[in-house]
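Subject: Structure handover: charged contacts

Hi,

Here is the structure for your files. Please open it alongside the notes below.

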Amino acid sequence: MLRRRPRSGARDAADPLDPAQEDRVRAVLSLGGVPYGDLQDGVQQVRLRLLERAAKGEGAPRDVAAWAAVVASNWAMDWHRARRRQERLGERLAALRPERPEEDGAESRVLSLAVAQGLDELPDSQRQVVVLRFYADLPVRDIAAELGIPEGTVKSRLHTAVRMLRTRLHEGEVV
């Protein structure tokens, strides 16, 4: 995360937001329920959108402060949507966790431990699709929609992760 710039007169001349506009963006984000730690990310997104407009040759909006407030408000709504999506995903995974019988065989416990260790060693992106596919039992299309990535990427990550897990289980002579 970028640190907040000092309030001195030595601001970057190419900065599209002046201090008053930046404060207004922070206020809109705060009122939108964005936590303090994420305010600077929102300010940077507004600044980035202004720079993208300039790069496209569109020029600055007629009222930069009002435009920046609308962009900040939209960013706050997107922030909440992303948070709700993560919460729903966690709830869905918790609800789908199977009940374990009291008398599990020693062999299945060893296999479960080996699979859990193999999952821990996977990169986050691969572990995420494996958990959603095999533990949450979501189809590839739903996983792609939930994560906002193409279906082909989900399939590729699944294939690579399963191949890595299979190799690790065979190397450890678990299977």
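A search of the whole structure turns up nine salt bridges. Bear in mind that this is a predicted model. Side chains of opposite charge can pair when their charged atoms come close. Some of the pairs follow.

Within helices:

- Arg81 and Asp78 form a salt bridge, 2.9 Å from N to O. Both sit in helix α3 (residues 64-96), three residues apart, about one turn of the helix. Arg81 is partly exposed, at 42% relative accessible area. Asp78 is partly exposed too, with a value of 42%.
- Arg127 and Asp124 form a salt bridge, 3.0 Å from N to O. They are three residues apart in helix α5 (residues 124-135), about one helical turn. Arg127 is partly exposed at 25% relative accessibility, whereas Asp124 is exposed at 55%.

Between helices:

- Arg141 pairs with Glu151 in a salt bridge, with the closest N and O atoms 4.0 Å apart. This pair links distant parts of the chain, 10 residues apart: Arg141 is in helix α6 (residues 140-147) and Glu151 is in helix α7 (residues 151-171). Arg141 is exposed, at 60% relative accessible area. Glu151 is partly exposed, at 35%.

What about the rings? The structure holds zero aromatic pairs. Arg133, however, lies over the face of Phe134, 5.9 Å from the ring centre.

Best wishes

Conventions. Residues are numbered from 1 along each chain as its sequence is written. This is a predicted model: local features need pLDDT of at least 70, side-chain atom pairs count only at pLDDT 80 or more; totals for chains, interfaces and linings use all residues. Side-chain values use heavy atoms; hydrogens and water are left out. Rings of Phe, Tyr and Trp (its six-membered ring) pair if their centres lie within 6.5 Å; planes under 30 degrees apart count as stacked, over 60 as edge-to-face and the rest as tilted. A charge sits over a ring if NZ of Lys or CZ of Arg is within 6 Å of the ring centre and within 35 degrees of the ring normal. A salt bridge is a side-chain nitrogen of Lys or Arg within 4 Å of a carboxyl oxygen of Asp or Glu. Helices (H or I, at least four residues) and strands (E, at least two) are DSSP runs, numbered from the N terminus. Buried means under 20% relative accessible area, exposed over 50%, partly exposed in between (1.4 Å probe, protein chains only).
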